[in-house]
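Student: Can you walk me through this model? I'd like the overall layout, then some detail.

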Amino acid sequence: MEEQNELGQKISKTQNEMSEEEKRIWYDLLKYLPPDYPFVRNKTVEGYTVDFYCGKTKTAIYLVEASRRKPEEVQRDNKLKSCGVTVLRYTLADINENFKSVSDDLLKRIGLRK
């Protein structure tokens with residue numbers, strides 16, 4: 001079952017439930033990163049819960065339904081950026097249709113690929 005958070009994003013009722021896109025990012029990409037790039041799921045950063053977070057690189061990942069951001073998402077992203085967090089947003093469609101591009105972008109952004 002899903003509900004919507006204050007930003008209108010669909011979130012799982014429990015943190016153990018993952019969408020197919022979350023599973024794909026987690027099991028097909030993040031789990032294969034070097035151990036010194038430890039991403040965690042559903043991490044609270046500066047009062048906001050992010051889908052995935054790496055403390056080493058201060059990178060937050062959000063999986064979103066649409067590429068257009070709502071005003072409250074812009075405010076959230078600006079707050080995180082002001083704290084030195086890099087905010088990455090990937091649409092569910094991109095994960096499903098362009099997974100290699102999403103993977104390449106993420107690896108470049110955290111410094112594992114040029």
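Tutor: Read along the sequence, the protein chain goes β-β-α-β-β-β-α-β-α-α. That gives four helices and six strands, where helices (H or I, at least four residues) and strands (E, at least two) are DSSP runs numbered from the N terminus. This is a predicted model, in which local features need pLDDT of at least 70 and side-chain atom pairs count only at pLDDT 80 or more, while totals for chains, interfaces and linings use all residues. Residues are numbered from 1 along each chain as its sequence is written, and side-chain values use heavy atoms, with hydrogens and water left out.

Student: OK, the sheet. What is the strand order?

Tutor: The order is β3-β4-β5-β6, in an open sheet of four strands with mixed pairing. Two strands pair if DSSP finds at least two bridges between them. β3 (39-45) and β6 (86-91) are the edge strands with a single partner each, so one side of each has no neighbour in the sheet. From one strand to the next, the twist averages 40°; axes are lines fitted to C-alpha atoms, for helices over the stretch in contact, and angles run from 0 to 180 degrees between N-to-C directions.

Student: How many bridges join β3 to β4?

Tutor: Six, and the two strands run antiparallel, with β4 covering residues 48-54. Phe39 sits opposite Cys54 of β4, and Val45 has Tyr48 as its bridge partner in β4. The hairpin of β3 and β4 has two residues between the strands, and Glu46 there takes a positive phi near 50°.

Student: And which strands do the helices touch?

Tutor: Helix α1 (residues 20-28) packs on the sheet and touches β3, β4 and β5 (59-64), with its direction at about 30° to that of β4. Contact means heavy atoms within 4.5 Å. Helix α2 (residues 71-82) lies across β3, β4, β5 and β6, at about 145° to β6.

Student: Switching to the core. Which residues touch the most other members?

Tutor: In the largest nonpolar core, of 20 residues, they are Ile25, Leu30, Phe39, Phe52, Ile61, Tyr90 and Leu106. Such a core is a set of buried Ala, Val, Leu, Ile, Met, Phe, Trp, Tyr and Cys residues joined through side-chain atoms within 4.5 Å. Buried means under 20% relative accessible area, exposed over 50%, partly exposed in between (1.4 Å probe, protein chains only). α1, β4, β5, β6 and α4 (99-109) each give two or more residues to this core, and α4 has the largest share, four residues.

Student: What does Ile25 touch?

Tutor: Not counting residues up to four places away in sequence, Ile25 touches Leu30, Phe52, Leu63, Ile95, Phe99 and Val102. There is also a second, separate core of nine residues, among them Val45, Tyr53, Ala60 and Val85.

Student: What about Thr59, buried or exposed?

Tutor: Buried, with a relative accessible area of 2%. Thr59 is in strand β5. Beyond its neighbours within four places in sequence, Thr59 contacts Phe39, Phe52, Tyr53, Cys54, Thr86, Leu88 and Ile110. The Thr59 side chain also makes a polar contact with the side chain of Thr57, at 2.7 Å. A polar contact is a pair of N or O atoms within 3.5 Å; within protein, one must be able to donate a hydrogen and the other to accept it, and residues adjacent in sequence count only if both atoms are side-chain atoms.
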